[in-house]
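The following paragraphs guide the reader through a structural model, beginning with the contact between its chains and moving on to the parts within a chain. Please keep the sequence and the structure in view while reading.

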Protein chains: 2
Amino acid sequence: MIEYRNLKIAVLGAGAVGAQVVRLLREHGDELAERAGAGLELIGVGVRNPDAPRTAEIPRELLTTDIEPLILGADVVIELMGGIEPAKSYILQALNSGADVISANKALIATHGPELFAAAEQVGAQLYYEAAVAGAIPIIRPLRDSLAGDRVKRILGIVNGTTNYILDRMDTDGQSLEDALASATALGYAEADPTADIEAYDAAQKAAILASLAFHTSVPLESVYREGITQITSEQMAAARDAGYVIKLLAICERLTDAAGVEGVSARVYPALVPRSHPLGAVREAKNAVFIEAESAGDLMFYGAGAGGPETASAVLGDLVSAARRHVIGGPGVAESTGANLPILPISGVTTRYQITLEVVDQPGVLSRIAALFSEHGVSVETLSQSVRSTGEDGAAATATLVVGTHEASEADLSATVDGLTHSDDVSCVTSVLRVEGL
Amino acid sequence: MIEYRNLKIAVLGAGAVGAQVVRLLREHGDELAERAGAGLELIGVGVRNPDAPRTAEIPRELLTTDIEPLILGADVVIELMGGIEPAKSYILQALNSGADVISANKALIATHGPELFAAAEQVGAQLYYEAAVAGAIPIIRPLRDSLAGDRVKRILGIVNGTTNYILDRMDTDGQSLEDALASATALGYAEADPTADIEAYDAAQKAAILASLAFHTSVPLESVYREGITQITSEQMAAARDAGYVIKLLAICERLTDAAGVEGVSARVYPALVPRSHPLGAVREAKNAVFIEAESAGDLMFYGAGAGGPETASAVLGDLVSAARRHVIGGPGVAESTGANLPILPISGVTTRYQITLEVVDQPGVLSRIAALFSEHGVSVETLSQSVRSTGEDGAAATATLVVGTHEASEADLSATVDGLTHSDDVSCVTSVLRVEGL
């Protein structure tokens, strides 16, 4: 029997993830100790209400509402409470006392990351957060360490399981957004208030974290452009399918040079058309995946469960073993790398391809006038397909559906074009404007 | 301008990977130094022939054939020579001098890993080898660190790009093995002597490395069961496609309990049927992917380029930044974790599903006799489909093709069954025996 130095572990929060972390620590403690080279002694679990129901049983004597002494007695603090406060104060208190901290709190890392990383660096502690993005999927460590010798060009991430489930149901079963959301709620994928998911606030937090890591640049959450999936219709879904695409909510982090020649970083979240043959096109149900394009490594994809108690606990415990190994070895933690410090470019500087669906009056000259309108705004048309929708019986004007695919265009030029289309006498309705990604 | 401590880097070997590592180190040196927190000074590149052609230009004054002084002057030695000797002696020399070592040498790690890791541990140095398995794909670090708090149940890996390219061509274009191999050679995917790839020696090395890491158990290369792809026919490929499968060369690492109740580890490599809907079924061309089933994390997949100069160089440079950060921090390296020390189970103890294709004499009672033969050997039949092949004109006996899908069966029981089928008067030919994985 090897005798290990014992590390004192405090867990804050015993919800879906916290309860599973406690269970696994108690069930697999010896195994983890052997891998870490240190005993992992759970000294307590800080909770608001010791009598609340849990997904795994926690001995009553471990539970406490007296959180500060728990933090001050710990070598490693695992924060799984979520939310900004009091989580942030507790983490700062832990770091300032020299403890390493593990957190799955994406909202906190995305909004106050730089402050927390600075606090950690100052005392030589380490803040781990593998579980904050894409749940069980190792993505923080690959970006921070494995790709540290490469240049990331672009990340396309499906990082919100709820919306991927909803879009997958719409795509697969032809369900409406409302019905798909209802089944996501019934399955426990969506919360009672689904705003954070469907309006893409959650995905935007993850985009900020991924972009900061990938580009060694602090990317504030406010700079992430965000569109949710609430405007996506069954008709758009069906049309996408017919054209060989699937609509996915993507978190996109990109290093690019804008029209003015400024090299910078763009982080943005929106539903986009993805070719069905793209590896992301095959990511079904509530799964997550992060597709990375790097200068030397080429294309990489990381796929797995993006949420769930045991799944997220796996990532937390991986961080715990890393933290324990570091304690055994000694020395300060590795500082966050934000030395590149690139400018954050607004969405208006980003170029992508677009697919625009219009209802137009079916009469001579319309096509060329529409094409001219795109061209006037500097948007180059790649494909144009027209189908007659109504033949204009009973004296009504005949209408046609026009689907226009563009070459790369800037958001600014595209909005001006759409504005022009909306005011054109030839156009009765702009049905759908979607970006195309993954080409 | 920040002043960094300078780390002295020696590169051994300037082939496809080595030349790219040198190029990227010279082109992106400042960026890497900023991320590592240390200057990375390339002190020399050890080669056999300084005048050999390179894929990237290396200044003549960096090249040397005098390798020992180069190693002794380095803080980090990057070994990219390949082969067992002299690579092994050089690595031991480097580790014993206290230098960290980065290696992409899968043959060496698979055969002499334990000796090298022990040498590293003794002096507190670290041996990094992210590039040894699946090229650019981060897989060593996720297994070693991210999943360190979880229990890996099974790994299914497509870890040889050459054979994946060949099988993909056979599947997609209906090419014969010979034609597909010829195009792999023409494209530079296959070497002049393709034995290491098509006989799966290369994949077996990677299976040994992955199994050792995943199960914290030293898995010797000799214990890896190995079958190559040379017996795979266009007919098997077409039949697999019709049945919703694709044939992939899989490296399988599994934690299991054999029939005698012994819990252990199996590492094996063979071509197997994989459901087309499985994430591995979509891995095309020469790409690699590693699918991991973990107790808490669930299913994960890592996908990307498994070979190539710049791609593999990306993994090497990721290791270099990690090594440099460790030098800045100080303290010994993390020892390899082999504490679980599980027994290695032979292939005879492994159970999988099988699909067996037979030519049988088409006469009454054959089906029930065949079914009885499976049952006598303890193999349970799940599906059985028969199609008449020849109607027995001109006095010949009518024959039929029988495809039998089994439930999980042991290799031992299955071989006994196939032996029985071969000797049965009802069976004119056992056309194909393939394992089914990924269900």
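The contact between the two chains takes 48 residues from chain A and 48 residues from chain B, where two residues are in contact if their C-beta atoms, placed from the backbone, lie within 7 Å. On the side of chain A that touches chain B, α2 (29-36), α6 (140-146), β12 (298-305) and α12 (309-329) of chain A each supply at least two residues. Helices (H or I, at least four residues) and strands (E, at least two) are DSSP runs, numbered from the N terminus. The largest share of this side, twelve residues, comes from α12(A). By class, the side of chain A that touches chain B divides into 26 nonpolar, 13 polar and nine charged residues. Here Ala, Val, Leu, Ile, Met, Phe, Trp, Tyr, Cys and Pro count as nonpolar, Asp, Glu, Lys and Arg as charged, and the others, Gly among them, as polar.

This is a predicted model, in which local features need pLDDT of at least 70 and side-chain atom pairs count only at pLDDT 80 or more, whereas totals for chains, interfaces and linings use all residues. Residues are numbered from 1 along each chain as its sequence is written, while chains are lettered from A and ligands numbered from 1 in the order in which they are written.

The same surface serves both copies, as 100% of the contact residues of chain A recur in chain B. Strands also pair across the two chains: β12(A) and strand β12 (residues 298-305) of chain B run antiparallel over three bridges, pairing being assigned if DSSP finds at least two bridges between two strands. Within β12(B), B:Phe302 is the bridge partner of A:Phe302.

A:Ala260 lies in the loop between β9 (245-257) and β10 of chain A. Is A:Ala260 buried or exposed? A:Ala260 is exposed, because 7 other C-beta atoms lie within 10 Å; a residue is buried if 20 or more other C-beta atoms, placed from the backbone, lie within 10 Å of its own, exposed if 12 or fewer, and partly exposed in between. By contrast, eleven of the 13 residues of β9(A) are buried. Strand β7 (residues 152-158) of chain A also pairs with β9(A), in the antiparallel sense over four bridges. A:Glu254 in β9(A) is the bridge partner of A:Arg154, and A:Ser266 in β10(A) is the bridge partner of A:Glu254.

A further sheet of chain A is open and has six strands in the order β3-β2-β1-β4-β5-β6, with parallel pairing. At its edges stand β3 (63-64) and β6 (127-128) of chain A, each with a single partner strand, so one side of each is left without a neighbour in the sheet. Strand β4 (residues 76-79) and strand β5 (residues 100-103) of chain A pair in the parallel sense over four bridges, and A:Val77 stands opposite A:Val101 in β5(A).

A:Ile78 and B:Ile78 touch the most other members among the 294 residues in the largest nonpolar core, a core being a set of buried Ala, Val, Leu, Ile, Met, Phe, Trp, Tyr and Cys residues joined through C-beta atoms within 7 Å. Not counting residues up to four places away in sequence, A:Ile78 touches several residues, including A:Val11, A:Ile102 and A:Leu320.
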